Amino acid sequence: MHFKLLLSVIFLLTLNEGFCRTAQEWKSRVIYQLLTDRFAQDESHSTHSYSGCGGGNYCGGTFKGIINKLNYIQDLGVDAIWMSPIIENTPGGYHGYWAKNINNINPHFGTSQDLKDLVNACHQRDIWVMVDVVANHMGYPAGCQGPGCSPDKRDNFTGFSPFNSAEHYHKYCDITNWSDQNQVENCRLAGLPDLNQQNDYVLQTLLKWIKNLVTTYGFDGIRIDTIPEVPKDFWSQFGPASGVFQIGEVDNGDPKYVGPYEGPVSAVLNYPMYWSLRNAYQEKQSLNNIQSRLREEPSDFNDLTVLGGFLDNHDNNRFLNINKDWTSLKNALSYLLFARWIPIIYYGTEQAYAGGKDPDNRESLWPNYNIQHLMFEFISQVLKFRKSLGDDLIESEQKEKWSDDQFYAFTRGSGEKVLIATTNQGSGSSVQRPIPNLPYSDGTVLQNILDANDKITCNQGKVTISIQNGQPKIYHSLSFSSPTENDRKGR
């Protein structure tokens, strides 16, 4: 009896670890985004036939499957996961964004206890867990997934819980003009029933739900879907009700539109910079796109350092779908992982996945858990070095050192001890630039963490960086003790 009580107390204390993760603490983390259905099957599912796996069908990924692959996640070097929505969905909702019953766990993924076990297993490894949530809409009413839904079906909410009445929703209309904010907030996204958060029952239910969800499972943060589709005053209540760090999705390239949502929620995904990085590295437009965006954003955001930075996700084409060159991806990753924000890596990037538009960018990861894959090893090596810098990196400024069409360099760390140099010219290219205005004393030697034989010496505050075969460079001052080669490889 006493032993069981002790176990219960320990479990609750483990869950409570997730309740006080602040935005400041989240700055130290690198997030790995995954779709539960597509990341890993467990033993009971791996032999099960999922005909037509992929596209809009379930593939059999589970919470237990994620637990079984935590070594893989940890070997990559990330220390947080963002998992897709976990609640019960209407048919075809393998991704989690079509809610049917917000109080039930999706049985395709496992049980409530399986989810608790997953969060607990992550916390034992110091991996934080961010869960994706939706408060804008529900799933498709029965018979309404696809064109030709009759009015009596599209407004039949009896299959939903707890929002099963027409008064819980806005009157039917579709979003056809994304420049009309009234329409964005009150009409249906892709035909999905739009919740009316001004209805007191809907409001109070959602606030209680998010508090209970976080408390029950011990999540460390939440990612919130479709932020602009709901008025800001709702998010100002929803975020604090969760009790944890929130990062919201505002899928728009204009920082003046995206920025005001940081405040109602803790942070947002930096979609404006996503488009700048896509233009610069994927499409080989000018790298001055980065400089322009960095100069523009401070006036539009409260705190750039808590924004979520990313190259790939479940809604946009993967990097390698647009640009097949792995070297180009390595350069973009070098920027992503050292820029002053919270980096997010989309599952499959480490295995060079190249899916196109949704749903082709939501591939099943199995059986591709190759920790010797070139891209996996690159990310792992960079992240081990990043982690070794600790708070010194997190608290340091990001200082631009060079920007032109083909070359971009910046420093991080106290004393600018880390110098990152990238190009968008890809494999086979050679680029050389003299980098001025460095704080190093004459004779200071910098070594490339990606190639121990690559060293440069500072003279009169300048170094010359020569990029060969398009490879990025991540230099550090040898006065700073970096991980050994074996440490970097984790062997």
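**Strand pairing and overall dimensions**

In the predicted model, Q33 lies opposite Y346 of strand β10. Strand β1 covers residues 31-34, and strand β10 covers residues 342-346. The two strands run parallel and are joined by three bridges.

Both strands belong to an open sheet of eight strands. The order across the sheet is β8-β7-β6-β5-β2-β1-β10-β9, and the pairing is parallel. The edges are formed by β8 (267-268) and β9 (308-310). Each of these edge strands pairs on one side only. In general, strands of a sheet pair through backbone hydrogen bonds, in either a parallel or an antiparallel manner. Over the whole protein, 19 helices and 18 strands are assigned.

The overall dimensions were examined next. The radius of gyration is 23 Å, which agrees with the value near 23 Å for a compact globule because the protein has 491 residues. Along the principal axes, the C-alpha atoms fill a box of roughly 75 × 60 × 40 Å.

Of the 491 residues, 59% are buried. Among contacts with a separation of 6 or more, 69% link residues 24 or more positions apart. The accessible surface amounts to about 19300 Å². Carbon and sulfur atoms contribute 48% of that surface.

The protein carries 43 positive and 54 negative charges.

Technical notes. Residues are numbered from 1 along each chain as its sequence is written. This is a predicted model: local features need pLDDT of at least 70, side-chain atom pairs count only at pLDDT 80 or more; totals for chains, interfaces and linings use all residues. Side-chain values use heavy atoms; hydrogens and water are left out. Helices (H or I, at least four residues) and strands (E, at least two) are DSSP runs, numbered from the N terminus. The radius of gyration is taken over C-alpha atoms; the globule rule is 2.2 Å times the number of residues to the power 0.38. Buried means under 20% relative accessible area, exposed over 50%, partly exposed in between (1.4 Å probe, protein chains only). Contact means heavy atoms within 4.5 Å. Accessible areas come from the Shrake-Rupley method with a 1.4 Å probe; for residues, only the protein chains shown count as cover. Lys and Arg count as positive and Asp and Glu as negative; His and the chain ends are not counted. The place of a charge is taken as NZ of Lys, CZ of Arg, CG of Asp or CD of Glu. Two strands pair if DSSP finds at least two bridges between them.
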